[in-house]
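Could you walk me through this structure, step by step?

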Amino acid sequence: MRFHYRTVFLSDVHLGMRGCRADELAAFLKRVRCERIYLVGDIVDMWVLRQRWNWPASHNQVIRRLLKLARRGTQIIYIPGNHDESLRPYRGLELGGIVVAAQAEHLLTDGRRLLVTHGDEYDLVVQNSRLVSLIGAWAYDHLVALNRFVNAARRLVGLRRWSFSQSIKKRVKSACTFISRFEEVLLAHAARSGLDGVVCGHIHEPRLEWRELEGRRVLYANCGDWVERASALVEQEDGQLELIDVDRLLSDAGWEPDPKEVPEELGSDEDFTVAA
Ligand SMILES: [Mn+2]
């Protein structure tokens, strides 16, 4: 089974994090055929890797599939985020057919233009306190790893996946205020630059919405993430934008995660595969 799109936007994959859904992403990339892929930041989590090296084979697999797609003619644009900010000085560089860029402008089939950016520059928490966000990243990594362990257990007894951090986030009012503020600031910036909307990531909240802003219709699109879920924003071949739940897409295609690999993830240090 193949998934055909015009464009695929992926953000917040967080390769290196224990909770990263690399198996699902590798399976998705294996089946994807498209003209262009935007990697919208936080693809490799260097904050987590710096503290604790974790690079299972599935994480390599994601990189390998991306390089293979690039080799076969898919245009791939890597826009770094805050967790892979060490790539930012390399904008303009091409690595195995993958081009690094600070931001991009995507042209829809109807002529409308979207700003493509990770979005952390518009996040006041990250800008003002690097320490707070580093602690947050550490706690988040552990929470997600624990969540993954719980889900492996739930799967064994036939229960559905359940997300801790999503249920926590939904309960915290300040998180909601933070999210809507982030969206507003980013949209206002895109509109001021004369664009018709924005595609971003960063806050791990997938969304696709046309909104009113000063009498104009502008698009807010967030690709979501590959930690709490497996989501992607795609532009269909007819130009329609759509948020997809890759878990569902893969299970409809008959794909299943390898159950052997999941429970061992928690605290496994022997799972070293040195990147070539
Ligand atoms: Mn980010």
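β8 and β9 make a hairpin with five residues between them, and in its turn G111 has a positive phi of about 95°. Strands here are DSSP runs of E with at least two residues, helices are runs of H or I with at least four, and both are numbered from the N terminus. β9 covers residues 113-116 and runs antiparallel to β8, with four bridges joining them; two strands count as paired if DSSP finds at least two bridges between them. Across this pair, H106 has L114 of β9 as its bridge partner, while E105 stands opposite L115.

Before going further, a word on what you are looking at. This is a predicted model, in which local features need a pLDDT of at least 70 and side-chain atom pairs count only at pLDDT 80 or more, while totals for chains, interfaces and linings use all residues. Residues are numbered from 1 along each chain as its sequence is written. The pLDDT is the predictor's confidence in each residue, from 0 to 100. The chain averages a pLDDT of 86, and 83% of the residues score at least 70. Over residues 263-276, however, the pLDDT is below 50, and beyond near neighbours in sequence this stretch has 15 contacts in the model. A contact means that the C-beta atoms of two residues, placed from the backbone, lie within 7 Å. Where pLDDT is low, the predicted coordinates should not be read in detail.

Five strands form an open sheet with mixed pairing, in the order β8-β9-β10-β12-β11. β8 (104-107) and β11 (207-213) are the edge strands, and each pairs on one side only. From one strand to the next the twist averages 25°; such angles run from 0 to 180 degrees between N-to-C directions, with axes fitted to C-alpha atoms, for helices over the stretch in contact. β9 is joined to β10 (residues 197-200) by two bridges, and these strands run parallel. There, L115 has V198 of β10 as its bridge partner.

What do we find at the β11 end? Seven bridges join β11 to β12 (residues 216-222), and the two run antiparallel. In this pair, E209 stands opposite Y220. β11 and β12 form a hairpin too, with two residues between them. E214, in the loop between these strands, has a positive phi of about 50° although it is not a glycine. Most residues other than glycine have a negative phi. E214 is exposed, with 8 other C-beta atoms within 10 Å. A residue is called exposed if 12 or fewer other C-beta atoms, placed from the backbone, lie within 10 Å of its own, buried if there are 20 or more, and partly exposed in between.

Yet D12 is buried, with 29 other C-beta atoms within 10 Å.

There is another open sheet to explore. Seven strands make it up, in the order β6-β7-β5-β4-β2-β13-β14, with mixed pairing. β6 (94-95) and β14 (241-245) stand at the edges with a single partner strand each, so one side of each is left without a neighbour in the sheet. Inside it, β4 (residues 36-39) and β5 (residues 75-78) pair in the parallel sense over four bridges, and Y78 of β5 is the bridge partner of L39. α3 packs on the sheet, touching β4, β5 and β7 (98-100), and its direction makes about 130° with that of β5.

L39 also leads us to the core. A nonpolar core is a set of buried Ala, Val, Leu, Ile, Met, Phe, Trp, Tyr and Cys residues joined through C-beta atoms within 7 Å. The largest one has 55 residues, of which F9, L10, L39, V40, V198 and V199 touch the most other members. Its largest share, five residues, comes from helix α1 (residues 22-31). Seven of the 10 residues of α1 are buried, so this helix is largely enclosed by the rest of the structure. What covers those buried residues includes β3 (32-33), α3 (57-71) and α8 (246-252).

Finally, step back to the whole chain, with its eight helices and 14 strands. Buried residues make up 36% of its 276 residues.
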